[in-house]
Amino acid sequence: MATDYYAVLGVRRDAGQDEIKKAFRRLARELHPDVNPDPKTQERFKEINAAYEVLSDPQKRQVYDLGGDPLSPNGGGAGGFGAGAAGFGFSDIMDAFFGAATGQRGPRSRTRRGQDAMIRLEITLEEAAFGTTKELQVDTAVTCTTCSGEGAAPGTSAQTCDMCRGKGEVSQVTRSFLGQVMTSRPCPQCQGFGTVVPTPCPECAGDGRVRARRTLTVKIPAGVDNGTRIQLAGEGEVGPGGGPAGDLYVEIAETSHAVFQRRGDDLHCTVTIPMTAASLGTQVPLQTLDGLEEVDIRPGTQSGQSIPLHGRGITHLRGGGRGDLIVHVEVQTPTKLDPEQEELLRRLAMIRGEERPSGQFAPGQQGLFSRLKDAFNGR
């Protein structure tokens with residue numbers, strides 16, 4: 001052998017591909033003409049490129065180990081570049097300075113994962129509180145039944161691309177001051193797949209999938225709220241080439257209720273009662289989520305007071321139990337009185353000594369931020 005390529009890279013004859021690549025990168029950084037412009041260094045740089053081209057290619061390395069030289073005109077190696085004009089891969093030089101490329105060489109697969117999809121689902125407050133089961137009509141991409149996702153018309157199949165011979169990429173050799181530089185790019189004829197479909201499926205136009213409407217049954221757990229998303233794995237779009245389907249997300253949209261307002265897992269409502277009922281006390285029927293119940297209004301109830309009904313709210317999504325139902329009381333003062341009613345109220349005021357009340361004055365009602373400010377100031 002005219003050149004000992006193993007000695008040029010400083011590796012053993014049984015060195016693996018990772019060790020060979022690591023040695024090449026180290027030497028390339030040291031000997032690159034941009035780093036060391038000495039003419040002797042440039043010759044040395046060409047030698048390590050030639051050695052790496054042979055030892056990084058399993059076929060060329062086998063020829064070399066059997067006594068041939070794939071880079072010499074008579075070395076028996078297909079695609080030789082001639083003595084003194086060694087070729088090297090441009091991507092290998094870039095790897096030496098910037099690290100290995102993230103993509104993999106070779107043809108890319110026609111089969112890819114499908115996209116995720118999302119659909120909004122409206123449910124009532126009762127359904128959110130206790131959970132339910134819904135049937136959904138979903139329009140998504142499904143595998144083409146005519147070609148079973150292959151993309152080729154029945155009776156035909158994909159064929160190896162004659163331009164790249166199934167590699168999915170084509171190479172081009174150009175000359176530079178470093179020698180011959182080889183660059184690769186995706187094959188323009190097969191778009192990098194390595195195969196072409198001469199007769200696409202007439203049903204899916206070669207995509208391997210078509211759009212169709214499906215019916216899905218979705219279980220809605222108790223306690224969901226506006227914006228909650230339920231993931232249905234594998235129920236989204238089928239991928240090109242019959243690839244695996246993505247996921248389907250069902251986003252919950254809770255409709256408003258005529259009586260109750262939801263705040264977290266608690267429910268709130270307001271009941272308006274006359275001042276006589278607030279003074280004497282009464283019971284008010286209320287249709288809760290669990291059925292009809294009597295709300296006990298105690299004598300002397302003031303406007304703005306709250307009456308909690310424990311465990312009558314929304315089921316906790318995570319963990320057991322339920323929230324509360326809070327009934328806010330609003331006392332209504334009559335605005336119009338007939339003579340008899342007015343006389344009765346005047347007699348009541350006289351009996352209670354409230355004919356000319358002096359009133360009880362206090363500072364104006366504070367908001368939340370005012371109360372927080374006073375708390376920090378020690379008031």
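Asp225 is partly exposed, with a relative accessible area of 27%. The model is predicted. Asp225 pairs with Arg262 in a salt bridge, and their closest N and O atoms are 3.8 Å apart. Asp225 sits in the loop between β8 and β9, while Arg262 belongs to strand β11 (residues 261-263), so the pair ties together parts that are 37 residues apart in sequence. Arg262 is buried, at a relative accessible area of 15%. The cut-off for buried is under 20%.

Asp225 and Arg262 also belong to a network. Salt bridges with shared partners join Asp225, Glu254, Arg262 and Asp265. The structure as a whole holds 20 salt bridges.

Another of these pairs Glu235 with Arg214 through their side chains, at 3.0 Å from N to O. Glu235 lies in the loop between β9 (229-232) and β10 (248-254), and Arg214 in strand β8 (residues 209-220), so this contact links parts that are 21 residues apart in sequence. Glu235 counts as partly exposed, at 25% relative accessibility. Arg214 also counts as partly exposed, at 21%.

The side chains of Arg352 and Glu354 meet in a salt bridge too, with an N to O distance of 2.9 Å. Arg352 is exposed, with a relative accessible area of 55%. Glu354 is partly exposed, at 36% relative accessibility.

| Salt bridge | N to O distance |
|---|---|
| Asp225 and Arg262 | 3.8 Å |
| Glu235 and Arg214 | 3.0 Å |
| Arg352 and Glu354 | 2.9 Å |

By type, the lining of the second largest pocket divides into 7 nonpolar, 6 polar and 2 charged residues. Helices α7 (275-280) and α8 each supply at least two residues of the lining. The largest share, 5 residues, comes from α7.

Together with Leu337 and Leu345, Leu348 forms a nonpolar surface patch. The three have about 220 Å² of accessible area together. Leu345 is placed in helix α8 (residues 339-351). Leu345 counts as partly exposed, at 30% relative accessibility.

Technical notes
Residues are numbered from 1 along each chain as its sequence is written. This is a predicted model: local features need pLDDT of at least 70, side-chain atom pairs count only at pLDDT 80 or more; totals for chains, interfaces and linings use all residues. Side-chain values use heavy atoms; hydrogens and water are left out. Patches are made of residues with over 30% relative accessible area and no salt bridge: like charges are joined within 9 Å, nonpolar side chains (Val, Leu, Ile, Met, Phe, Trp, Tyr) within 5 Å. Accessible areas come from the Shrake-Rupley method with a 1.4 Å probe; for residues, only the protein chains shown count as cover. A salt bridge is a side-chain nitrogen of Lys or Arg within 4 Å of a carboxyl oxygen of Asp or Glu. Helices (H or I, at least four residues) and strands (E, at least two) are DSSP runs, numbered from the N terminus. Buried means under 20% relative accessible area, exposed over 50%, partly exposed in between (1.4 Å probe, protein chains only). Ala, Val, Leu, Ile, Met, Phe, Trp, Tyr, Cys and Pro count as nonpolar, Asp, Glu, Lys and Arg as charged, and the others, Gly among them, as polar.
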